[in-house]
Amino acid sequence: MSVVIHKLSFYIPSFSYGTIMGALVLTPIVLPLLRTVEYMLRAYFSPARIVPGPSGGNLFFGHLGFIRDSPKGEWHEEVLKEHGHVLRYKAILGTDRLLTTDPKALNHVLANSMIYQRPGPIRYALDQLVGEGLLVAEGHTHKRQRRVMNPSFSSAHIKEMTEIFLEKAQELREVLLTQTLTSETSPSVRVDMLAYLTQATLDIIGLAGFNYSFNVLSNEQSELSKAFNAVLHPPRDFPVIQILKLQIPIFRYLLIFDQGSRDTREARRKMYTIGRELVQRKKAEVLEAKAAGDDAMRKSKDLLSLLIRSNMSQSGGGLSDDEVLHQIPTFLLAGHETTSTSTTWTLFSLATHPDVQRRLRSELLLVPTDTPTMGELDSLVYLDAVVRESLRHHSVVDGTIKVATTDDVVPLEKPFVGTDGKTRNAIKVSKGDSFFVPILMMNVIEPIWGPDGREFNPDRWLGEGPPKASQSLPSVWGGQMTFSAGPRSCIGFKFALIEMKALLFTLIRGFQFELAVAPEEVIRRSAAVTRPVIKSEIDKGGQMPMIIRPFSHT
Ligand code: HEM
Ligand SMILES: *[C@@H]1O[C@H](CO)[C@@H](O)[C@H](O)[C@H]1NC(C)=O
Ligand SMILES: *[C@@H]1O[C@H](CO)[C@@H](O)[C@H](O)[C@H]1NC(C)=O
């Protein structure tokens, strides 16, 4: 005993200022090491270690470099060919990532959202951007949020937003028309359709989301769009710092070299101040309307008002004011670029398939009004086939990562052979193992879609319809994985579909679209959402240069 005490007293004085400083300085070095060791050990002990996979890869980034350099999923496809339909590759810091095209396994992962969650680093990054709204929440918090929010996205409500979609589509048509009239090459003009559609969809999500006028199409600079942009596109941290902050939580508190994130915090504060005002105003409006009776209640039809109404009708178990607040940037982030890039890629496919464009236009011109209802838009058979095919073919959210939060057994439709030579009917995973859910790949692979799965062909949705095999895909809409599946599938898919249809309806009736560059110059650049970039101008970021010409009926 006395020896122990003696030892203790020997050690205690050594906790000097120097030691503490030393520990503080060393922590950032030691922690990553421990973290790496933990990762490596996990890979070593996980039952998933017998899953076969490619070797090689970078010490820090594993195979992620290959994946980044094959934006159409070519690398994934290649390794699947080599190793079979269940495999394992290396992600950051030597971590394992499982990849499978087995529909039953993917169904299991996506259906069990309590077990399979977003990776911590991605959650952290999203939380920094938009707070704990529907994209970030997990477990029971997510379940509660989703239950209260689901009604706002019902078909009946989206129907009422169709007017907003069409109004903004028409405003875009007018802006483009002015461009063609003032052009030297009149009546045709070169425009960046990605930029215009990004403006239009921001205006739309502002109005339909919370009755807020961004008016970016008419060149206004609203406070909210400025703040949101500053949050969304922060000045870059040094990449190394960025990665450390994502991977190792303690770095998130070290703000040295970090002016960027201080400005971002400032912008975020501003964004939330504006959001809070919106929530309070809407809340007051909803209460007022409630007092005035049914008719007044129906007047505000934006998502936020609907959400607050739904929240108020909950007997307990609703959302806190802050949770409601966090849905505002969540809608902006989830509903803005997804739709603008999807619509832009549709224009790309229509420009590279002039026959499809002509056929679509002739269907649309038969409609006697510029302002069809949702029902009328949905009854346009060829428009529906084009949208379906474009969403499948381009899949702008090309995959998602899910991490097991407990040990689990993932059932398979087709068995696989482990590196030990044994055949297995399921993948055993342990807590911490992660899956890449390959959305784009499942939307195009040959075993499901046939040999022309990578081609753009709206006809595949007409007549007999899509191949039977596609029915086994996990899906919330359209016999494809574009909006994912299960409790974490896209809540806004109906919103997105009618918005896209309204934009395409108006644009294709009004203009002829051609690419302004060779088709092979346009490449996919994946960063959460897959944007088009021009091969020789990658530094310029996303763009889709097109030549547009007003379409005259005669
Ligand atoms: C064509 C356009 C769109 C595509 C391709 C798309 C795709 C997706 C996908 C794949 C997910 C699942 C992401 C994951 O698991 O990591 C998702 C989630 C989500 N989307 Fe969309 N989306 C689109 C438009 C929209 C719109 C217009 C809104 C809102 C107005 C929206 C709101 C959301 C939200 C809030 C989530 C999170 C849902 C949850 O976790 O419960 N999306 N979307
Ligand atoms: C937006 O607010 C205005 C007045 O505050 C109201 O007249 C209009 O109906 C609202 N629009 C939506 C889509 O809720
Ligand atoms: C939502 O409902 C909860 C009660 O369930 C309430 O405390 C909260 O203030 C409401 N928030 C909004 C914005 O309506």
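Student: Does the Gly 318 atom that lies 3.4 Å from an oxygen atom of ligand 3 belong to the backbone or the side chain?
Tutor: This is a predicted model in which local features need pLDDT of at least 70, side-chain atom pairs count only at pLDDT 80 or more, and totals for chains, interfaces and linings use all residues; side-chain values use heavy atoms, with hydrogens and water left out. Residues are numbered from 1 along each chain as its sequence is written, while chains are lettered from A and ligands numbered from 1 in the order in which they are written. A polar contact is a pair of N or O atoms within 3.5 Å; within protein, one must be able to donate a hydrogen and the other to accept it, and residues adjacent in sequence count only if both atoms are side-chain atoms. The Gly 318 atom in question is an N or O atom of the backbone.

Student: Which elements give two or more residues to the shell around ligand 3?
Tutor: Residues near this ligand, meaning that one of their heavy atoms lies within 4 Å of it, include Val 279, Lys 283, Ile 308 and Val 324. Helices (H or I, at least four residues) and strands (E, at least two) are DSSP runs, numbered from the N terminus. The elements asked for are α12 (259-292), α14 (303-312) and α15.

Student: How much of ligand 2 is buried by the protein?
Tutor: Ligand 2 is surrounded by Ile 164, Asn 211, Lys 299, Ser 300, Lys 301 and Asp 302. An oxygen atom of ligand 2 is 2.2 Å from a side-chain N or O atom of Asn 211, and one is 3.1 Å from a polar backbone atom of Lys 301. Ligand 2 alone exposes 360 Å², and the buried part of that is 54%.

Student: Which element gives the largest share of the shell around ligand 1?
Tutor: Polar side-chain atoms lie 2.7 Å from an oxygen atom of ligand 1 in Arg 146 and 2.8 Å from an oxygen atom of ligand 1 in Arg 488. Elements giving two or more residues to this shell include α7 (139-149), α15 (321-335) and α22 (493-510). The largest share, three residues, comes from α16.

Student: Which strands are at the edges of the five-stranded sheet?
Tutor: The sheet is open, with mixed pairing and the order β1-β2-β8-β5-β3. Two strands pair if DSSP finds at least two bridges between them. Those that pair on one side only are β1 (86-90) and β3 (116-117).

Student: What angle does the direction of helix α5 make with that of β8?
Tutor: Helix α5 (residues 103-111) packs on the sheet, touching β2 (96-100), β3, β5 and β8 (434-437), where contact means heavy atoms within 4.5 Å. Axes are lines fitted to C-alpha atoms, for helices over the stretch in contact, and angles run from 0 to 180 degrees between N-to-C directions. For α5 and β8 the angle is about 110°.

Student: Which residue of β5 is the bridge partner of Tyr 116?
Tutor: Strand β5 covers residues 400-404 and runs antiparallel to β3, with two bridges joining them. The β5 partner of Tyr 116 is Ala 404.

How values were computed: Areas by Shrake-Rupley, 256 points an atom, 1.4 Å probe, with all protein chains shown as cover.
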